[in-house]
Amino acid sequence: MRLVILDDYDLASEWAAKYICNRIIQFKPSQGRYFTLGLPTGSTPLGCYKKLIEYHKNGDLSFKYVKTFNMDEYVGLPRNHPESYHSYMWNNFFKHIDIDPNNAHILDGNAPDLQAECDAFEKKIEEAGGIDLFVGGIGPDGHIAFNEPGSSLASRTRLKTLAMDTILANAKYFDGDLSKVPTMALTVGVGTVMDAREVMILITGAHKAFALYKAIEEGVNHMWTVSAFQQHPRTIFVCDEDATLELRVKTVKYFKD
């Protein structure tokens with residue numbers, strides 16, 4: 001496990017984007033040899049996506065031979081709804097780069113058979129050769145994707161009921177109206193992300209500080225699902241100074257050194 005501490009959100013976003021860029025370039029993707037990238041939504045990765053778009057527009061990075069798999073999608077929200085994760089990904093990332101739309105995979109929260117949709121998603125990941133780098137964010141309660149507290153650490157892609165903390169946190173995207181916030185979502189499982197060859201988790205802001213503490217300084221606990229990645233052979237936590245407020249001083253000094 002590695003913890004990378006940057007001064008602020010912008011520097012953390014840039015570091016993460018450079019890391020993704022370098023991994024893709026070093027992989028040398030080509031026809032028949034795609035780099036496979038797992039992606040998150042939410043406010044945290046926006047800065048990282050902006051930098052990746054910048055690298056692409058500068059001619060430094062191509063997504064022509066990259067396949068992506070998103071972590072989650074709301075159930076029952078129309079695909080073209082401004083707050084669907086389909087809309088989020090296309091507006092904030094995909095339409096600005098050269099990725100083939102057929103290679104950008106997002107769960108369908110309106111599928112007639114939701115479990116079949118989840119099973120098919122797992123199959124698509126398998127057929128793509130697995131995820132090379134899965135990028136994720138976390139909630140203040142330490143959940144990754146929509147693997148809410150209490151989720152199995154061996155879980156696979158499935159339907160989940162959202163915790164009230166998550167619904168409250170997401171209300172800001174729905175005009176603060178809780179009645180408009182979806183209460184269910186399709187999500188990759190903790191086990192799905194653990195299968196990736198490498199995992200990078202972005203954690204920024206003082207409101208995520210306790211979750212970061214639980215993620216790296218205490219034991220693996222299904223009530224803080226992000227803590228599972230202590231056991232992954234290649235995990236990088238990327239955070240800003242604000243997110244380290246609950247960590248022991250010696251922990252911060254160790255990783256900074």
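Predicted model: local features only at pLDDT ≥ 70, side-chain atom pairs only at ≥ 80, totals over all residues.
Residues are numbered from 1 along each chain as its sequence is written, and side-chain values use heavy atoms, with hydrogens and water left out.

That opening pair belongs to two strands, β2 and β6, which run parallel and are joined by two bridges. Strands here are DSSP runs of E with at least two residues, helices are runs of H or I with at least four, and both are numbered from the N terminus. Two strands count as paired if DSSP finds at least two bridges between them. On to another partner of β6: four bridges join β6 to strand β9 (residues 199-203), again running parallel. Here F134 stands opposite V199.

The partner of β5 is strand β3 (residues 66-70), parallel to it and joined by two bridges. Within that pairing, H105 of β5 is the bridge partner of F69.

How many residues of strand β6 (residues 133-137) are buried? Five of its five, where buried means under 20% relative accessible area, exposed means over 50%, and partly exposed is in between, using a 1.4 Å probe and protein chains only. In a regular strand the side chains alternate between the two faces of the sheet. In β6 both faces are covered, with L133, V135 and G137 on one side and F134 and G136 on the other.

There's a second, open sheet too, with three strands in the order β4-β8-β7 and antiparallel pairing. Its edge strands, β4 (72-74) and β7 (158-161), each pair on one side only. Neighbouring strands of this sheet are turned by 30° against each other on average, direction ignored. β7 pairs with strand β8 (residues 184-187) over four bridges; R158 stands opposite T187, and L159 has L186 as its bridge partner. β7 has a covered face, made of R158 and K160, and an uncovered one, made of L159 and T161.

Next, a helix. The twelve residues of α2 (residues 46-57) should span 16 Å at 1.5 Å a residue, and the end C-alpha atoms are 17 Å apart, which agrees. The expected span is 1.5 Å times one less than the number of residues. Among the buried residues of α2 are G47, C48, L52 and Y55. The buried residues of this helix pack against α1 (9-27), β2 (35-39) and α3 (85-92), contact meaning heavy atoms within 4.5 Å. After α2 comes G59, with a positive phi near 85°.

A215 is buried, with a relative accessible area of 0%. Leaving aside neighbours within four places in sequence, A215 is in contact with V226, S227, Q230 and F237. Of these, Q230 is 15 residues from A215 along the chain, with 7.5 Å between their C-alpha atoms.

Finally, the empty space. Rolling a probe the size of a water molecule over the atoms shows where empty space is left. On a 1 Å grid over the protein atoms alone, a cavity is a set of points where a 1.4 Å probe fits but cannot get out; a pocket is an open set with protein on both sides within 12 Å along at least five of seven lines; lining residues have an atom within 4 Å of a point. Grid points are joined across faces, edges and corners, and a volume is the space filled by probe spheres set on the points. The largest pocket holds about 430 Å³. Of the 23 residues that line it, the closest to its centre are G42, I138, G139, H143 and N170. Helix α5 (residues 164-170) gives the most to that lining, with three residues. The largest cavity holds about 30 Å³, and α1 gives the most to its lining, with four residues.

Notes
Axes fitted to C-alpha atoms, helices over the stretch in contact; angles between N-to-C directions.
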